[in-house]
Amino acid sequence: MCCDEISEMMSEWLDGRLRPECSRALWEHIAGCTSCAVEMDALQALDRLLTSAPFVRPPAHLASSVLMRVQHARQARPWALGFFGLVIGAGVCLALIFLPTLLGLLSARGVVPVLMHGVPKVAMHLVALAGAVVRTGWVIARRVAEPLIGLSIVAFACLLVLSRLWVRVLRCWGTM
Amino acid sequence: MDEAEKLRLALQGDEGAFASLIETYQTSVYNLAYRMLGNAVDAEDATQETFVRAFLHLKRYDPARPFRTWLLSIASHYCVDRLRRRTEDRLLLDEDISLDEYRQCEIPMQLSTSAIVEQREREALIRRLLASLPAIERAAIVLCYWYSYSYEEIAEMLGLTVSAVKSRLYRARRALAKKLAQEPEWHVLR
């Protein structure tokens with residue numbers, strides 16, 4: 001086993017996750033390899049340092065400040081939703097008020113006739129594009145589905161013939 | 001009142017029941033945030049944010065999992081995001097741990113002055129070591145050492161595979177051991 005594999009096994013050994021046979025192999029290797037022995041020593045020292053570190057206690061006021069923030073967040077949520085509703089509503093109202101004025105200004109500058117002429121043309125192009133996409137899809141679907149349609153017709157016919165034969169057999173059975 | 005009952009009430013919006021859950025789990029969440037972020041101010045903020053998120057998304061909690069695991073998962077993700085957002089680590093690496101922060105550690109108060117100083121230096125050393133790790137590796141080390149979670153649990157909490165957790169712990173340990181060996185203080189402390 002090479003030193004890199006042994007190095008990976010050291011980490012698992014520290015977590016108590018290494019199988020006993022692998023643990024034996026690990027310690028046999030360490031006994032004969034100075035660099036791995038040094039690495040294991042360093043890892044064990046780190047392990048001791050981290051396992052000896054205590055839990056850090058929170059400050060005494062933490063629970064009450066957390067609860068205050070929770071209450072604040074709880075109250076803020078419906079308020080935030082209401083605020084966004086208000087903003088959208090105000091936007092719609094302003095648009096309704098100012099749109100006629102804006103349209104008037106645009107028509108005065110000759111923009112509206114251009115829009116009136118251009119928008120239907122763009123819409124027609126978009127419809128033509130959508131039609132082309134649908135037609136292409138239909139052609140691809142037919143290419144894929146045609147052999148399947150043929151097969152399913154043959155299968156259906158076979159089933160029909162077999163069921164008829166089966167009915168005849170049953171009838172003959174009944175008359176016997 | 002047992003935990004399931006507290007959770008049921010908290011889900012219905014009972015703040016008293018949720019306050020009781022905060023009391024129970026604040027130390028776990030705060031310690032994780034402190035070890036991840038390296039200072040008391042950020043740890044306090046992260047603890048508050050964790051509980052706010054838990055309260056607002058309590059409907060998503062799966063009762064089949066321990067509540068502490070769910071909370072620590074929220075805290076880990078928050079701390080990892082926060083560390084990634086940090087343009088520069090605000091932790092002053094050369095600065096020693098403050099006395100107020102040191103008092104928060106669960107250290108027996110009957111220790112001698114020299115033992116207290118030694119423990120303080122160890123804490124400062126641990127902070128420096130953890131600050132040298134990338135966010136996810138830091139989270140894996142903290143969950144492994146302070147909470148004794150298995151590879152599978154850490155994987156679930158951090159959204160990693162079990163083999164990714166193994167390799168990250170391995171890489172983190174190697175990096176930390178190397179850094180520790182270079183610390184002059186460690187040769188005095190050990």
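Me: What share of the contacts in chain A with a separation of 6 or more comes from residues 24 or more positions apart?

Reply: A contact here means heavy atoms within 4.5 Å, and residues 24 or more positions apart account for 44% of the contacts in chain A with a separation of 6 or more. This is a predicted model, in which local features need pLDDT of at least 70 and side-chain atom pairs count only at pLDDT 80 or more, while totals for chains, interfaces and linings use all residues. Residues are numbered from 1 along each chain as its sequence is written, chains are lettered from A and ligands numbered from 1 in the order in which they are written, and side-chain values use heavy atoms, with hydrogens and water left out.

Me: Which secondary structure elements does chain A have?

Reply: Elements are DSSP runs numbered from the N terminus, with helices (H or I) of at least four residues and strands (E) of at least two. Chain A has five helices and zero strands, and the order from the N terminus is α-α-α-α-α.

Me: How is the surface patch that includes A:Leu129 to be read, and which residues form it?

Reply: Patches are made of residues with over 30% relative accessible area and no salt bridge, like charges being joined within 9 Å and nonpolar side chains (Val, Leu, Ile, Met, Phe, Trp, Tyr) within 5 Å; a salt bridge is a side-chain nitrogen of Lys or Arg within 4 Å of a carboxyl oxygen of Asp or Glu. Accessible areas come from the Shrake-Rupley method with a 1.4 Å probe, and for residues only the protein chains shown count as cover. Here A:Val122, A:Leu126, A:Leu129 and A:Val133 form a nonpolar patch with about 400 Å² of accessible area together, and A:Leu129 lies in helix α5 (residues 111-175) of chain A.

Me: Is A:Leu129 buried or exposed?

Reply: Buried means under 20% relative accessible area, exposed over 50%, and partly exposed in between (1.4 Å probe, protein chains only). A:Leu129 counts as exposed because its relative accessibility is 54%, and of the 176 residues of chain A, 20% count as buried.

Me: How many aromatic pairs are there over all chains?

Reply: Rings of Phe, Tyr and Trp (its six-membered ring) pair if their centres lie within 6.5 Å, and planes under 30 degrees apart count as stacked, over 60 as edge-to-face and the rest as tilted. The count comes to 10 aromatic pairs over all chains. The rings of B:Tyr25 and B:Phe67 have centres 5.6 Å apart and planes at 65°, so this pair is edge-to-face; it links helix α2 (residues 15-37) with helix α4 (residues 67-85) of chain B, across 42 residues.
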